[in-house]
Amino acid sequence: MPTGNLRRGNTSVAPTARSRGAGPAPALLTNLDRLRRPGLAPAGEASWGATIAGLVALTVVAVVFAASGVPAQYITLGVTVFIYAILASAIALLYHDGGLLSVAHGGLWGVGAYATAVLVTKYNWPLVPVILAAAVAAGIVGMSLASISTRVAGSYFIIILFAVSEVIYGVMINWNAVTNGAEGIVLATPASLFGYQISSTMQWYYVTLITLLIVLLLLQVIKRSRLGQHLRAIRDSRPLALSVGISVARVHMASFAITGAMAGIAGVYWAYLEKYVVPSQFSATASISFVVVVLLGGSAYLLGPLLGAVVVIFLPSLLHLSPLLANALIGVIFIAVILLFPEGVVGLVTRSLGFLTARTGIGRWPKPPGKKAADEGLREA
Amino acid sequence: MKAASVRRTLTRRPVALFAVLATLALAACSSSGGSSSGASSGGASGGSSAGAASGKTIEIGMDAEQGGALASFGLSFLQAAKAGVAYVNKTGGVTINGTKYNLALDICNDNSDQTQVAACATKLVVTNQDKFIFGGLADFGPILRGITEPNHAIYFSTGSAVAALMSSSHYVVNTVPSLAARSLMSVRGFKKAFPNAKTVALLGEQDATDQAAFAALQTAFKQEGLTVVGTQIAPLDATDYSSFLTALKAKHPDVIWNELAAAVNSEPAMLGQNGSLHAATVVFNNSGSCQASYPHTPGITYMAETNAGAITAGPNETAQTKDYEATYYGLGGIKNPDPNISAGLYIYDFFPILAQAMEKAGTATDATKVLAAINSLSYKGVDGTITIQNNQSTYGQVLCTMTDGNTGNSQFEVFPDGTTTSIGTSS
Amino acid sequence: MNEQLLQQGFNVLSSASIYALVAIGLSVIFGLSGIINIAYGDFMTLGAYVVFVVAPGGAIAFVWGFAASAVAVAVLSIAVERALFRFTIIRPVNGFLVSLGLSQIIENGVAWHFGQDSVTVAPADSANWTLGGVVMSADRVIIILGTIALVVGLILFLDRTQTGTAIRAIAADREAAALMGIPVTRLVTGVFALGGLIAGLGGGFVALLQPPYPLLGAELVLKGFVVALVGGLGSVRGAVIGAVLLAFIETVLVTAGLAGWLDVIEFGAVILLLIIRPQGLARGLAHSM
């Protein structure tokens, strides 16, 4: 969780030079950013207007979908999509803004799910305390991953995180006293939210949708905050960031803690959806599917991970290929995305639509930097 | 380090994009309605989806692993279910209140994918209103149960993960004898075949079946006077069992009791490695079968609990079993011979059992009445005489031995009451 | 008790051989291109299946099986490098991601074509020799000797030959090597081919130990990476040492009855080691291959 120290000044929508604190260092970073990406808002930040529009659109579509009378199993898949989207969006922040590809967040997801299973079956906790506990547990485990990210980078980091996910899995399957080992834990009771029982899939649909909206909003806030700036600075040049006094350890710990907590919350809903947690659900394979979801959709975009989740989860139900061929096909599409459309499906569509609107002159044009832009810092005028 | 790349701002365009995609998704959903079940192999598959007992068919839900990691067992299971349905329809169907119904299988493919299992269960139970559910291997059973229980659908389960939940379930029928009963029968049969064996070493995997089985087996061994001298539990990704076998060999067991067969690929590996190490010259497998296709070694006697209670080889093979095999392969869509054909024996008999129960209860929709009827029946099927009490089924167990790769040497049937019958030998 | 120790020692050697082969292939490819090729394990799976196709009956035909698998996987590696990995050298993370997709394609393709059950490959030599109470199956002796020969050959190649030196130069500094006239692109392709050859042979060896099935390599590759990391990515000697160490630790844990905790302990130890000493035990491609 971010401490007060990391958020100097306010994080209002249009930070002025004043609110970001005096001192040349932040401005220096800003100018460097400008040099690298002339003419555009750095770091792919959306404007608040676009973000709100995107979230509203998501809400509308989701509500229409639920109310349109689709068969019940599609609501179940919808809940799964939201759960995956929460987790994938968190991973996307780490990857896109932090340059850290985490293959251990599937394990953090499992930590949240197991925390839920144990607290509900042994102590009958209601929903909100369970969510908090799962977020804290997964956040703490996540935070410890920062000790790895501060010491190794790039490929080493990825391999070590694979090892971490194996360790988490190993603890789940061996710690029989708590996790019941390979037999898993069954959740029989419905969740209770301030005395109200949540048991139907449709109710979970709305609970997870609301959580997803909050998470997406929170991620956008983080992107624009000091934490986000520092994270990107570290991503771009660790030595330079260190030289201006950014603490890599603190920033990474906060980022892992927050994204870990989000993974844990996704785990809570997963436990309630499946009503059964077992180690095999949280292996390194699960982590890899989340990476695929993030990259397929596009890690730079607000709704990219969500779209990736929609594709990965709904496609098997709609395709009529042999399932093995369908999986192989997803592998082919994934490679194509990585090599040809690295910004994901959303990026691809956005670019092609942008091409259209550019021709017709509709839509926003990037503005060259001017004095006003420099004063306003990272935000486009 | 990330190369600097030009990034676009997110504008209102993705809003339009999302709307387009959502519309497409909705269109696809509504057009495929309730029958999108992926690739299903031929034979009797889901007919009308309009509820349990409409027209002249009664829909039986089947959550099948037609793809993914569990497909090899899943497809065999599905084939056995199809054979069970075909058998019931062939022998007169189900007559309730004077109306004759046929059974039909309502298949949903979960692709061995955890995200699809809950969706399949929801589709079968909630959308299609199926009152009777089969399928859901391994870790998927409890997920199915989580949806069948609150919706009062009867789940015919074969897995040990659900078996462990019997006491808290009202609508689950365990089609496999209880773990305690099976362990006792296996140990007794084993003693009959090898009266001189005194010590046993256990080798298993880190999965739910073995975790539960080890406890039950230790109790059974103790009860029958055998000593367990060592246990080893291999991680699921183990491929080389020689270190496990060597460690067990040091304890000098007469027999290695192998629980590994959960993964088809690990059992032959273990057998081959034991062949060279001779950790014990007798290997008893609690969930495999005597198959000529397995690699075997001279000097190793291999014995297995096999085929549930069914005699599927030799001169004592019953007409019913022959009929099962004929129907199984006759439906097509599965390779012949199928090494996993015996997996389906745990559910095949339960289709006629369900049919008889529905007739006796006079209803195909009242789960409580049907359950009561199931618990009152005694059925003589491929698995021998089956009785069900407290939703837990009981029947005998057939064991086979194999020496030097020679199957059909001697078969026993062990009955729940402790008696055994030698089924006889065949060359 | 002594007998058990010796027998376990032999078991360690044969496990270590397989781990070493995986680790060396991964290590060498990474050392040169910076790419984590998670599909390497699936290359081994393919090698095992080639042996199944060419020599399912085992015995002397196995020699053809080995040759065929080494060549086939080497050719595949060249194709994959040219078509895919070449474009990710500037950004190796993409290479890792591409390998994720490749892995999915291979695993599902193999399962679709050969079925998801394991296929049977008869042993090359089903003899068992007993020496001092230690049972040594002929197949495992073949694996151990074959691996030793391969490792020695590789080290000699990299240390003593001109091509080997050129490869080490590329690993040290690609631009400088190119400036010195070393044909970088060709050699990188060559190293991928070499990795493929090792994978094919390794897959053939694994087929001697257990029936091939689609996920065979996937389970080995993570351990291979861990060994390669511990040994120092890019170091052949380090990979061998790491492999022996891993096999040793595993066998000790099994004998102590802690087999379930294998993964936690070995991966946990590796994480700790790499936090303390990120470069691993040996010093990397350029220094001590």
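Visitor: Let's begin with chain B: what are the bounds of domain 1 and domain 2?
Guide: Keep in mind that we're looking at a predicted model. Each domain of chain B is pieced together from two stretches of sequence. Domain 1 takes 57–176 + 320–394, and domain 2 takes 179–307 + 397–424.

Visitor: How many Å separate the centres of those two domains of chain B?
Guide: The centres here are taken over C-alpha atoms. Going from domain 1 of chain B to domain 2 of chain B, the separation is 28 Å.

Visitor: How many helices and strands does chain B have, and how many are there in chain A?
Guide: Chain B comes to 13 helices and 17 strands. For chain A, the tally is 16 helices and 4 strands.

Visitor: What percentage of the residues is buried in chain A, and what percentage in chain B?
Guide: A residue counts as buried once 20 or more other C-beta atoms lie within 10 Å of its own. Of the 427 residues in chain B, 59% pass that test. Chain A has 381 residues, and its buried share is 57%.

Visitor: Now over to where chain C touches chain A. Which helix of chain C gives the largest share of that side?
Guide: The contact takes in 35 residues of chain C and 33 residues of chain A. On chain C, α4 (92–114), α9 (216–231) and α11 (262–276) each supply at least two residues. The largest share, 15 residues, comes from α4(C).

Visitor: How many residues on that side of chain C are nonpolar, polar and charged?
Guide: Sort the side of chain C that touches chain A by class. You get 26 nonpolar, 8 polar and 1 charged residues.

Visitor: Which residues of α9(C) make the contact with α6(A)?
Guide: α6(A) passes α9(C) in a left-handed crossing. By class, the contact has 8 nonpolar, no polar and 1 charged residues. From α6(A) come Tyr156(A), Ile159(A), Phe162(A), Ala163(A) and Glu166(A). From α9(C) come Leu222(C), Phe225(C), Val226(C) and Leu229(C).

Technical notes
Residues are numbered from 1 along each chain as its sequence is written. Chains are lettered from A and ligands numbered from 1 in the order in which they are written. This is a predicted model: local features need pLDDT of at least 70, side-chain atom pairs count only at pLDDT 80 or more; totals for chains, interfaces and linings use all residues. Two residues are in contact if their C-beta atoms, placed from the backbone, lie within 7 Å. Ala, Val, Leu, Ile, Met, Phe, Trp, Tyr, Cys and Pro count as nonpolar, Asp, Glu, Lys and Arg as charged, and the others, Gly among them, as polar. A crossing is left-handed if the near helix is turned anticlockwise from the far one by less than a right angle, and right-handed if clockwise. Domain bounds come from an automatic or database domain assignment. A residue is buried if 20 or more other C-beta atoms lie within 10 Å of its own, exposed if 12 or fewer, and partly exposed in between; C-beta atoms are placed from the backbone.
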